[in-house]
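Q: I have a new model to read. Could you walk me through its features, one at a time?

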Amino acid sequence: MKLPLISTCLSLVAVTFGAKLPSSFMKCNLKQTDFQQCLTKAVEDAIKQMNRPLKGVNLLNLGPLEIPGMTVAAGSQVLYTQQVFKNMKVSGFNETTCSKVEFDTDEKILKLDCIVPHFRVEFDYEVNGRLFLVSIYGKGSGWAVFVDNHMQLTFKLGEYEKKGKKYYNVVKQELKMLMTDVEFDLENLLDGDEEAADRVKKVMKDNILEIYGDVRSGYEEAFGLVFASVFDRLLGKVPAVFLFGEK
Ligand SMILES: *[C@@H]1O[C@H](CO)[C@@H](O)[C@H](O)[C@H]1NC(C)=O
């Protein structure tokens, strides 16, 4: 009976005073001359650390990142079926490398340029339509690995005050996402007609980047929203001053 009470009190304290970033996170201060380089390293390092639950601040967990559902619109050239995903688990963030992370303090724009070498997604899927001229349908579980997934993520931030402290929030986001290959499997494709399903999967494998190109904007929008919501949750808990220090 006592434990839940204690944790409620603790989270109230965190809400009142604002949570600090975990002490294991690298800190960068806007005053330092190499702020942008520091930020690049710090963000990469933080993303890697979030691969396991962090002590203290129960912020977010990217190991795996769970997404209850995602619906991606049909393409218009190649893949004529909407793609419905449920129970998604995204992992692989522990190997993230970031070549550039920039924060424009005047415009409050944060830009990340990062690669996740094995961006792995497990899911339940449902499709019903056409791939090229071939029928594609089925419902089951599956996985995909976006190889060398290169993500350019831009957040436009707003700011507001809560209990006398300044906080940021995400106002708008844009994600560009390109990979060099997609490895995947879809169980029960074509309702379990395995021979036909293997032929369709071969067509998919041979044309995977063209297929992705046809539905890319839908994936970029959907994952952009997911990353914005993850980041926004962190911003809502940690006052601005604990993120970047002060100018
Ligand atoms: C990242 O996590 C995966 C899966 O847990 C593991 O196989 C891999 O070795 C890890 N990579 C690093 C650099 O820790």
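**Reading charged side chains and the fold**

Q: How many residues apart are E44 and K41 in helix α2, and what does that spacing amount to?

A: E44 and K41 lie 3 residues apart in helix α2 (residues 35-49), so about one helical turn separates them. Keep in mind that this is a predicted model.

Q: What kind of link do the side chains of E44 and K41 make?

A: Check the distance between nitrogen and oxygen; the cut-off is 4 Å. Here the side chains of E44 and K41 form a salt bridge, with N to O at 3.8 Å.

Q: Are these two residues buried or exposed?

A: Under 20% relative accessible area means buried, and over 50% means exposed. E44 has 11% relative accessibility, so E44 counts as buried. K41 has a relative accessible area of 43%, so K41 is partly exposed.

Q: How many salt bridges does the structure hold?

A: The structure holds 10 salt bridges. One of them joins E122 and R120, at 3.1 Å from N to O.

Q: Which residue forms a salt bridge with E159?

A: K166 does; the closest N and O atoms are 3.6 Å apart. E159 is partly exposed, at 41% relative accessibility. K166 is partly exposed as well, with a relative accessible area of 38%.

Q: Which residues do shared partners join into one network?

A: Follow the partners from bridge to bridge. K41, E44 and K48 are joined into one network this way.

Q: What is the nearest side chain of opposite charge to D214, and how far away is it?

A: R130, at 9.9 Å. D214 is buried yet has no salt bridge.

Q: Where does D214 sit, and which residues is D214 in contact with, beyond its neighbours within four places in sequence?

A: D214 is in helix α4 (residues 208-237). Its contacts, with those neighbours left aside, are G75, S76, Q77, V78 and L79.

Q: How many helices and strands are there, and what pattern do they follow?

A: Count first, then read in order. The protein has 5 helices and 8 strands. Along the sequence the pattern is α-α-β-β-β-β-β-β-β-β-α-α-α.

Q: What share of the residues is buried, and what share of contacts joins residues at least 24 apart?

A: Of the 247 residues, 44% count as buried. Take the contacts between residues at least 6 apart in sequence: 69% join residues at least 24 apart.

Q: What does the accessible surface come to?

A: About 13,700 Å², with 54% belonging to carbon and sulfur atoms.

Conventions
Residues are numbered from 1 along each chain as its sequence is written. This is a predicted model: local features need pLDDT of at least 70, side-chain atom pairs count only at pLDDT 80 or more; totals for chains, interfaces and linings use all residues. Side-chain values use heavy atoms; hydrogens and water are left out. Helices (H or I, at least four residues) and strands (E, at least two) are DSSP runs, numbered from the N terminus. Buried means under 20% relative accessible area, exposed over 50%, partly exposed in between (1.4 Å probe, protein chains only). Contact means heavy atoms within 4.5 Å. Accessible areas come from the Shrake-Rupley method with a 1.4 Å probe; for residues, only the protein chains shown count as cover. Lys and Arg count as positive and Asp and Glu as negative; His and the chain ends are not counted.
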